[in-house]
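Let's take a walk through this model together. Have a look at the sequence and the 3D view, and then we'll go through some of the details.

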Amino acid sequence: MTTVLHKTTKLSLPAKVQDATTLLIEDHKLVDGLFKAYEKALTKTIKKKLVSQICTELSVHTQLEEEIFYPAVKKALKDHELVPEATVEHETLKSLIAQVEGVEPDGEMFDARIKVLCEYVEHHVKEEQEEMFPKAKATQLDMKELGGQIAARKQELMAKRS
Ligand SMILES: [Fe+2]
Ligand SMILES: [Fe+2]
């Protein structure tokens, strides 16, 4: 007769939940790395792959912020300025993304569009990280709870795109 000590040895523990801002900053860093790789890319094939990744990451990231993070921040801060401004910047980002997504990297005009997109992302990220995120963290918002929602939704959105 054997005694069962453990019901299962294969526990699927949930991944450690991270703060919303930590997750969003990770996305920002990832995209920054992709832009840096683009600057060094020598072939059209590599550029095309990087642009596809940049567009996916930025599209998913802006959607996560608009669906989950921004509404929570707007409510907690009773904000009528930071979130609307960031949302308008997302609109510009989306139009810049639309100009390069699925397009053949065909020379200096394409490179220029990527450069402008990169600079615009840098500007937007700076405002989020230096203004919006610190203000949001100073509220009663549960950043872990929001982080959990963001991580789950990101999985869904990435799966749809792959
Ligand atoms: Fe954003
Ligand atoms: Fe962001």
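Predicted model: local features only at pLDDT ≥ 70, side-chain atom pairs only at ≥ 80, totals over all residues.

Donors here are N, O and S atoms within 2.8 Å of the metal (3.2 Å for Na, K and Ca), and since water is not among the atoms, sites may look incomplete. Helices are DSSP runs (H or I, at least four residues), numbered from the N terminus.

How buried are these two? His 90 has 0% relative accessibility, and Glu 128 has a relative accessible area of 2%.

The iron ion (ligand 2) has His 28 (NE2), His 61 (NE2), Glu 65 (OE) and Glu 128 (OE) as its protein donors, 2.0 to 2.2 Å away. In sequence, they are spaced H-x32-H-x3-E-x62-E. His 28 belongs to helix 1 (residues 20-40) and Glu 65 to helix 2 (residues 44-77), so the pair links parts 37 residues apart in sequence. Both His 28 and Glu 65 are buried.

And where is the other iron ion? The iron ion (ligand 2) and the iron ion (ligand 1) are 3.3 Å apart, and Glu 65 coordinates both.

Now for helix 1 and helix 5 (residues 143-161): their axes come within 7 Å and cross at roughly 40°. Axes are lines fitted to C-alpha atoms, for helices over the stretch in contact, and angles run from 0 to 180 degrees between N-to-C directions.

Who makes the contact (heavy atoms within 4.5 Å)? Among the residues from helix 1 are Leu 23, Leu 24 and Asp 27, and helix 5 brings several, including Leu 146, Ile 150 and Lys 154.

## About the numbers

Residues are numbered from 1 along each chain as its sequence is written, while chains are lettered from A and ligands numbered from 1 in the order in which they are written. Local features need pLDDT of at least 70, side-chain atom pairs count only at pLDDT 80 or more, totals for chains, interfaces and linings use all residues, and side-chain values use heavy atoms, with hydrogens and water left out.

Definitions and conventions: Buried < 20%, exposed > 50% of the residue type's maximum accessible area, 1.4 Å probe, protein only. Helix = DSSP H or I, 4+ residues; strand = E, 2+ residues; numbered from the N terminus. Contact = heavy atoms within 4.5 Å.
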